[in-house]
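Hi everyone, thanks for making time this morning. I'd like to walk you through one structure, so please have a look at it with me.

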Amino acid sequence: MDWYPLWNSLRIAAISCVIVFFAGILGAYYVARMPRVVKGLLDVVLTLPLVLPPTVVGYFLLLLLGTRRPLGIFLMQFGIKFVMTWYGGVVAAAVVAFPLMYRTARGAFESFDETLAYSGQTLGLSNTYIFWRIRMPYCRQGILAGTVLAFARALGEYGATSMLVGYTPGKTATISTTVYQLWRTGNDARAMYWVLVNLAISTVVLLVVNMLERRNDRGVRS
(Lines give C-alpha, C1' and ligand atoms only; values in the text may rest on other atoms or scores of the structure.)
Protein backbone atom coordinates (compact mmCIF):
# COMPACT_ATOMS: atom_id res chain seq x y z
CA MET A 1 0.00 0.00 0.00
CA ASP A 2 1.37 3.40 -1.01
CA TRP A 3 1.05 5.69 1.99
CA TYR A 4 2.61 8.69 0.26
CA PRO A 5 -0.72 10.55 -0.28
CA LEU A 6 -1.41 10.43 3.48
CA TRP A 7 2.10 11.50 4.41
CA ASN A 8 2.13 14.27 1.82
CA SER A 9 -1.32 15.53 2.85
CA LEU A 10 -0.33 15.65 6.52
CA ARG A 11 2.96 17.36 5.66
CA ILE A 12 1.27 20.00 3.51
CA ALA A 13 -1.51 20.56 6.06
CA ALA A 14 0.92 20.86 8.99
CA ILE A 15 3.30 23.31 7.31
CA SER A 16 0.52 25.43 5.85
CA CYS A 17 -1.22 25.43 9.24
CA VAL A 18 1.89 26.87 10.91
CA ILE A 19 2.07 29.59 8.25
CA VAL A 20 -1.64 30.36 8.52
CA PHE A 21 -1.50 30.38 12.32
CA PHE A 22 0.93 33.28 12.50
CA ALA A 23 -0.34 35.09 9.39
CA GLY A 24 -3.95 34.78 10.53
CA ILE A 25 -3.24 36.04 14.05
CA LEU A 26 -1.17 38.93 12.72
CA GLY A 27 -3.81 39.93 10.19
CA ALA A 28 -6.69 39.52 12.63
CA TYR A 29 -4.99 41.53 15.38
CA TYR A 30 -4.20 44.55 13.23
CA VAL A 31 -7.37 44.51 11.13
CA ALA A 32 -9.53 44.37 14.27
CA ARG A 33 -7.91 47.63 15.44
CA MET A 34 -8.38 49.54 12.18
CA PRO A 35 -11.13 52.06 11.30
CA ARG A 36 -14.42 50.54 10.23
CA VAL A 37 -14.14 51.39 6.51
CA VAL A 38 -10.57 50.10 6.20
CA LYS A 39 -11.51 47.00 8.18
CA GLY A 40 -14.38 46.28 5.79
CA LEU A 41 -12.17 46.59 2.71
CA LEU A 42 -9.44 44.39 4.15
CA ASP A 43 -12.03 41.85 5.26
CA VAL A 44 -13.20 41.50 1.67
CA VAL A 45 -9.67 41.00 0.35
CA LEU A 46 -8.52 38.59 3.07
CA THR A 47 -11.71 36.52 3.00
CA LEU A 48 -12.00 36.17 -0.78
CA PRO A 49 -10.29 32.73 -0.92
CA LEU A 50 -13.06 31.43 1.36
CA VAL A 51 -15.86 32.29 -1.06
CA LEU A 52 -14.10 31.88 -4.41
CA PRO A 53 -14.13 28.41 -6.03
CA PRO A 54 -10.84 26.69 -5.14
CA THR A 55 -10.05 26.19 -8.82
CA VAL A 56 -10.27 29.97 -9.32
CA VAL A 57 -7.86 30.45 -6.42
CA GLY A 58 -5.55 27.93 -8.06
CA TYR A 59 -5.81 29.79 -11.37
CA PHE A 60 -4.80 33.05 -9.70
CA LEU A 61 -1.85 31.26 -8.07
CA LEU A 62 -0.79 29.99 -11.49
CA LEU A 63 -1.00 33.52 -12.86
CA LEU A 64 1.22 34.66 -10.01
CA LEU A 65 3.66 31.76 -9.61
CA GLY A 66 3.59 30.08 -13.02
CA THR A 67 6.96 29.29 -14.59
CA ARG A 68 6.28 31.77 -17.40
CA ARG A 69 5.16 34.57 -15.11
CA PRO A 70 7.53 37.32 -13.91
CA LEU A 71 7.47 36.23 -10.25
CA GLY A 72 7.77 32.56 -11.18
CA ILE A 73 10.74 33.27 -13.47
CA PHE A 74 12.39 35.36 -10.75
CA LEU A 75 11.97 32.61 -8.12
CA MET A 76 13.30 29.95 -10.46
CA GLN A 77 16.60 31.85 -10.63
CA PHE A 78 17.02 30.83 -6.98
CA GLY A 79 15.86 27.27 -7.59
CA ILE A 80 12.37 27.89 -6.16
CA LYS A 81 9.51 26.41 -8.14
CA PHE A 82 5.96 26.12 -6.84
CA VAL A 83 4.36 24.54 -9.91
CA MET A 84 4.22 20.72 -9.83
CA THR A 85 6.03 20.48 -6.48
CA TRP A 86 4.72 19.39 -3.09
CA TYR A 87 5.65 22.69 -1.47
CA GLY A 88 3.49 24.40 -4.07
CA GLY A 89 0.71 22.48 -2.36
CA VAL A 90 1.69 24.21 0.88
CA VAL A 91 1.12 27.59 -0.77
CA ALA A 92 -2.23 26.54 -2.22
CA ALA A 93 -3.44 25.04 1.06
CA ALA A 94 -2.27 28.07 3.06
CA VAL A 95 -4.08 30.53 0.80
CA VAL A 96 -7.33 28.57 0.96
CA ALA A 97 -7.14 27.91 4.72
CA PHE A 98 -6.05 31.42 5.72
CA PRO A 99 -9.56 32.99 5.83
CA LEU A 100 -10.76 30.41 8.36
CA MET A 101 -7.92 31.22 10.74
CA TYR A 102 -8.22 34.94 10.12
CA ARG A 103 -11.98 35.16 10.68
CA THR A 104 -11.92 32.98 13.78
CA ALA A 105 -8.97 34.81 15.34
CA ARG A 106 -10.50 38.20 14.54
CA GLY A 107 -13.73 37.21 16.24
CA ALA A 108 -11.75 36.10 19.30
CA PHE A 109 -9.78 39.36 19.42
CA GLU A 110 -12.93 41.47 19.06
CA SER A 111 -14.46 39.69 22.05
CA PHE A 112 -11.41 40.51 24.18
CA ASP A 113 -12.08 42.84 27.12
CA GLU A 114 -9.81 45.79 26.32
CA THR A 115 -9.94 46.98 29.92
CA LEU A 116 -7.53 44.13 30.69
CA ALA A 117 -5.03 45.58 28.23
CA TYR A 118 -5.52 49.08 29.61
CA SER A 119 -4.94 47.78 33.13
CA GLY A 120 -1.72 46.12 31.99
CA GLN A 121 -0.52 49.37 30.43
CA THR A 122 -1.15 51.29 33.64
CA LEU A 123 1.09 48.74 35.38
CA GLY A 124 3.86 49.45 32.90
CA LEU A 125 3.57 46.22 30.92
CA SER A 126 4.74 46.31 27.31
CA ASN A 127 2.34 45.72 24.41
CA THR A 128 4.27 42.57 23.52
CA TYR A 129 3.84 41.19 27.04
CA ILE A 130 0.15 42.09 27.06
CA PHE A 131 -0.37 40.41 23.70
CA TRP A 132 1.31 37.09 24.52
CA ARG A 133 0.55 36.80 28.23
CA ILE A 134 -2.91 38.39 28.49
CA ARG A 135 -4.63 38.71 25.10
CA MET A 136 -3.58 35.36 23.62
CA PRO A 137 -4.50 33.27 26.72
CA TYR A 138 -7.86 35.05 26.90
CA CYS A 139 -8.56 34.27 23.20
CA ARG A 140 -6.93 30.83 23.15
CA GLN A 141 -10.09 28.78 22.62
CA GLY A 142 -11.12 30.70 19.52
CA ILE A 143 -7.58 30.67 18.16
CA LEU A 144 -7.23 26.93 18.76
CA ALA A 145 -10.55 26.30 17.03
CA GLY A 146 -9.41 28.39 14.06
CA THR A 147 -6.14 26.49 13.91
CA VAL A 148 -7.88 23.12 13.87
CA LEU A 149 -10.34 24.27 11.19
CA ALA A 150 -7.48 25.64 9.08
CA PHE A 151 -5.64 22.33 9.38
CA ALA A 152 -8.74 20.41 8.32
CA ARG A 153 -9.30 22.72 5.36
CA ALA A 154 -5.68 22.38 4.27
CA LEU A 155 -5.83 18.60 4.64
CA GLY A 156 -8.89 18.32 2.40
CA GLU A 157 -7.83 20.90 -0.18
CA TYR A 158 -8.23 19.77 -3.79
CA GLY A 159 -9.14 22.54 -6.25
CA ALA A 160 -6.27 24.99 -5.83
CA THR A 161 -3.81 22.15 -5.22
CA SER A 162 -4.79 20.30 -8.40
CA MET A 163 -4.42 23.51 -10.42
CA LEU A 164 -1.00 24.44 -9.05
CA VAL A 165 0.74 21.11 -8.39
CA GLY A 166 -1.39 18.55 -10.23
CA TYR A 167 -1.11 14.84 -9.48
CA THR A 168 2.18 12.96 -9.63
CA PRO A 169 2.38 9.68 -7.65
CA GLY A 170 5.14 9.79 -5.07
CA LYS A 171 5.74 13.50 -5.68
CA THR A 172 2.67 15.72 -5.39
CA ALA A 173 -0.16 13.25 -4.72
CA THR A 174 -2.46 14.07 -1.81
CA ILE A 175 -5.46 12.21 -0.46
CA SER A 176 -7.90 14.42 -2.35
CA THR A 177 -6.12 14.24 -5.71
CA THR A 178 -5.56 10.50 -5.25
CA VAL A 179 -9.28 9.92 -4.71
CA TYR A 180 -10.08 11.75 -7.94
CA GLN A 181 -7.44 9.91 -9.96
CA LEU A 182 -8.49 6.51 -8.63
CA TRP A 183 -12.15 7.27 -9.38
CA ARG A 184 -11.27 8.56 -12.84
CA THR A 185 -9.43 5.34 -13.67
CA GLY A 186 -12.27 3.15 -12.33
CA ASN A 187 -10.49 1.94 -9.19
CA ASP A 188 -13.46 2.53 -6.89
CA ALA A 189 -12.26 0.18 -4.14
CA ARG A 190 -9.00 2.06 -3.52
CA ALA A 191 -10.75 5.39 -3.94
CA MET A 192 -13.19 4.41 -1.20
CA TYR A 193 -10.28 3.40 1.03
CA TRP A 194 -8.81 6.92 0.83
CA VAL A 195 -12.26 8.43 1.27
CA LEU A 196 -12.61 6.51 4.54
CA VAL A 197 -9.15 7.64 5.67
CA ASN A 198 -10.06 11.26 5.01
CA LEU A 199 -13.44 10.79 6.68
CA ALA A 200 -11.79 9.40 9.81
CA ILE A 201 -9.34 12.30 10.05
CA SER A 202 -12.08 14.87 9.43
CA THR A 203 -14.26 13.30 12.12
CA VAL A 204 -11.46 13.56 14.66
CA VAL A 205 -10.89 17.20 13.70
CA LEU A 206 -14.57 18.07 14.13
CA LEU A 207 -14.64 16.33 17.52
CA VAL A 208 -11.68 18.44 18.61
CA VAL A 209 -13.41 21.63 17.42
CA ASN A 210 -16.61 20.71 19.28
CA MET A 211 -14.60 19.96 22.42
CA LEU A 212 -12.90 23.34 22.22
CA GLU A 213 -16.25 25.10 21.72
CA ARG A 214 -17.75 23.37 24.77
CA ARG A 215 -14.74 24.35 26.88
CA ASN A 216 -15.09 27.92 25.65
CA ASP A 217 -18.79 27.98 26.55
CA ARG A 218 -18.06 26.70 30.05
CA GLY A 219 -15.35 29.33 30.43
CA VAL A 220 -17.76 32.11 29.40
CA ARG A 221 -20.44 30.94 31.87
CA SER A 222 -17.95 30.77 34.71
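Let's begin with Trp-86, which counts as partly exposed because its relative accessibility is 25%. For that word, buried means under 20% relative accessible area, exposed means over 50%, and partly exposed is in between, using a 1.4 Å probe and protein chains only. Before going on, a word on where this comes from: this is a predicted model, in which local features need pLDDT of at least 70 and side-chain atom pairs count only at pLDDT 80 or more, while totals for chains, interfaces and linings use all residues. Residues are numbered from 1 along each chain as its sequence is written, and side-chain values use heavy atoms, with hydrogens and water left out.

What sits over the ring of Trp-86? It is the charged end of Arg-11, 3.8 Å from the ring centre. To qualify, NZ of Lys or CZ of Arg has to be within 6 Å of the ring centre and within 35 degrees of the ring normal.

Now let me step back to the whole chain. It has 11 helices and 0 strands; both are DSSP runs numbered from the N terminus, helices being H or I with at least four residues and strands being E with at least two. The C-alpha atoms fill a box of roughly 65 × 40 × 30 Å along the principal axes. Of the 222 residues, 41% count as buried. Looking at contacts, meaning heavy atoms within 4.5 Å, between residues at least 6 apart in sequence, 71% join residues at least 24 apart.

Next, the aromatics. The structure holds 17 aromatic pairs. Rings of Phe, Tyr and Trp (its six-membered ring) pair if their centres lie within 6.5 Å, and planes under 30 degrees apart count as stacked, over 60 as edge-to-face and the rest as tilted. Take Tyr-29 and Phe-131: their ring centres are 4.9 Å apart and their planes are at 75 degrees, so this pair is edge-to-face. The pair links distant parts of the chain, with Tyr-29 in helix α1 (residues 4–32) and Phe-131 in helix α7, 102 residues apart. Tyr-29 and Phe-131 are both buried. Tyr-87 is partly exposed, because its relative accessible area is 30%.

Which residues does Arg-135 contact, leaving aside neighbours within four places in sequence? They are Tyr-29, Arg-33, Phe-109, Phe-112, Glu-114, Ala-117 and Ile-130. Arg-135 lies in helix α7, residues 127–138, and it is buried, with a relative accessible area of 5%.

On to the cores. A nonpolar core here is a set of buried Ala, Val, Leu, Ile, Met, Phe, Trp, Tyr and Cys residues joined through side-chain atoms within 4.5 Å. The largest has 38 residues, and those with the most contacts inside it are Val-20, Ile-25, Met-101, Phe-109, Ile-143 and Trp-194. Elements giving two or more residues to this core include α1, α5, α7 and α8 (140–155), and α5 gives the most, with 10 residues. Leaving aside neighbours within four places in sequence, Ile-25 is in contact with Val-20, Met-101, Phe-109, Phe-131, Met-136 and Ile-143. A second, separate core of 8 residues includes Val-83, Ala-92, Ala-160 and Val-165.

Where does α5 bend? The bend, about 40 degrees, is at Ala-97, and Pro-99 follows within four residues. That angle is taken between axes fitted to the seven residues ending there and the seven starting there.

Last stop, α10. This helix is mostly covered, with 7 of its 10 residues buried, among them Ile-175, Val-179 and Leu-182. After α10 comes Gly-186, whose phi is positive, near 85 degrees.

That's my tour; over to you.
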